[in-house]
Amino acid sequence: MCYQSKKRNRRQELPENTRKKDFALKKTASESRDKNNRLVFFEGCNLAFDLEDLLSASAEVLGKGIFGVTYKAALEDSTTVAVKRLKEVASAKREFEQQMEVIGNIRHEHVSALRAYYNSKNEKLVVHDYYDLGSVSDLLHGKRGEGRTPLDWETRLKIAIGAARGIAYIHTQSNGKLVHGNIKASNIFLNSERYGCISDIGLALAMSPMPPPILRAAGYRAPEVTDTRKATQASDVYSFGVFLLELLTGKSPIHATGSEEIVHLVRWVHSVVREEWTAEVFDVELLRYPNIEEEMVEMLQIAMSCVVRVPEQRLKMTDVAKMVEENSTSWQREAIIF
Ligand SMILES: Nc1ncnc2c1ncn2[C@@H]1O[C@H](COP(=O)(O)OP(=O)(O)OP(=O)(O)O)[C@@H](O)[C@H]1O
């Protein structure tokens, strides 16, 4: 861990149009006064800015989540990062910092690296790399209709493989006790090889409980989890199963039908496939690709084994990751043959 990486030539002049300052991340008076609070960077991260730079960067809101607001911050040295400003952290200062240390030291190709964090009484920030393709949620649900680039089967498989590997890896950390706690499509990105990459590890466990489940998150949450801080590895498996169903069906975990009825994806899939495995469940965008039905049905079965009601009956994430990979070899074989 290093407290501050050395600065590059960050004071260079920028063209007028890139210097727009929304100051969305502007510091509070107490942050200015408190000289002891510094951004904590993690080993191997070559970012070169300090808190002052970050808080005065040109920032744009990417979205508001359960635990705070995430900004895209463009620094003067042209580095772009994603900064999440956390609200209502429940853990004590030391506990929060210990959690950040565990997460910040994880380096895995399918886990988005936590680059830095900031922790003062009034302000808690976490800094990640910025993914300019957006999240898997954006890729799946954004810009439907005309002009949309469909998310092909190979990309969906690579997303599923990467996400499964990332979660399985997380579950081996902290003596096999680390839990993600908030697996969902908006927390999964594409790494440089276009495989899935998991972000926002462990935040749910550090935050205040969210008693009335917010619809967006509720669709991923295992039925036994009533308090976000009590998520387990088994509940992560459930959430991953919901995410797989989302990749297969193209539907959000909770969505409204034409008649405005709210539909829970797991229940919907159960009701459609109750009689027999039917092509009706799959995303229409996938129906154009030849010879993938068997793989899709197999993937659907893996997903259904992840979302069983009883946590003890769910698969372990390492087994899920193996199954997803074994079921995804056809395009890899084809890529080698042709
Ligand atoms: N590193 C990043 N790069 C690009 N976009 C990001 C990054 N981190 C988050 N986002 C996007 O910013 C938006 C807000 O993210 P945020 O994590 O705050 O909320 P969420 O994912 O919707 O919900 P939750 O609070 O449960 O994680 C989402 O659309 C998310 O995909």
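Let me start with how angles are taken here: helix axes are lines fitted to C-alpha atoms over the stretch in contact, and angles run from 0 to 180 degrees between N-to-C directions. Keep that in mind for the helix pairs. One caution as well: this is a predicted model.

First pair, α5 and α9. Their axes come within 11 Å and cross at roughly 175°. Angles over 145 degrees count as roughly antiparallel. So α5 and α9 are roughly antiparallel to each other. Who touches whom? From α5 we have Arg156, Ile159, Ala160, Ala163, Ala164 and Ile167. From α9 they meet Asp236, Phe240, Phe243, Leu244 and Leu247. By class, that contact has nine nonpolar residues, two charged and no polar ones.

Next, α5 with α12. Helix α5 covers residues 153-170, and helix α12 covers residues 317-326. These axes come within 8 Å and cross at roughly 160°. Therefore α5 and α12 are roughly antiparallel to each other. Their crossing is left-handed. On the α5 side, look at Ala160, Ile161, Ala164, Arg165, Ile167 and Ala168. In α12 they meet Met317, Thr318, Val320, Ala321, Val324 and Glu325. The contact of α5 with α12 divides into nine nonpolar, one polar and two charged residues.

Please find Ala160, Ala164 and Ile167 on the model. In α5 they meet residues of α9, and they also meet residues of α12.

Now back to α9, with another partner. Helix α9 is residues 233-249, and helix α10 is residues 265-273. How do α9 and α10 cross? Their axes come within 10 Å, at roughly 60°. That makes α9 and α10 oblique to each other. The crossing of α9 and α10 is left-handed. Val242, Leu245, Glu246 and Thr249 of α9 make the contact with Leu265, Val266 and Val269 of α10. Sorted by class, the residues of this contact are five nonpolar, one polar and one charged.

Let's step back to the whole chain. The domain assignment gives domain 1, residues 2-129, and domain 2, residues 136-337. How many residues of each domain are in contact with the other?

Last stop, the ligand. There are 19 residues around the ligand. Which come nearest? Leu62, Gly63, Gly65, Ala82 and Ser135. Each domain supplies at least three residues of the shell: domain 1 (2-129) and domain 2 (136-337). Strands matter for the picture too. β2 (58-64) and β4 (80-86) each supply at least two shell residues. By class, the shell holds seven nonpolar, ten polar and two charged residues.

To recap: α5 runs roughly antiparallel to α9 and roughly antiparallel to α12, while α9 and α10 are oblique.

How values were computed: Residues numbered from 1 in each chain as written. Predicted model: local features only at pLDDT ≥ 70, side-chain atom pairs only at ≥ 80, totals over all residues. Near = placed C-beta within 6 Å. Helix = DSSP H or I, 4+ residues; strand = E, 2+ residues; numbered from the N terminus. Nonpolar A, V, L, I, M, F, W, Y, C, P; charged D, E, K, R; others polar. Domains from an automatic or database assignment. Parallel < 35°, antiparallel > 145°, perpendicular 65-115°, else oblique. Left-handed = near helix turned anticlockwise from the far one by under 90°. Contact = placed C-beta atoms within 7 Å.
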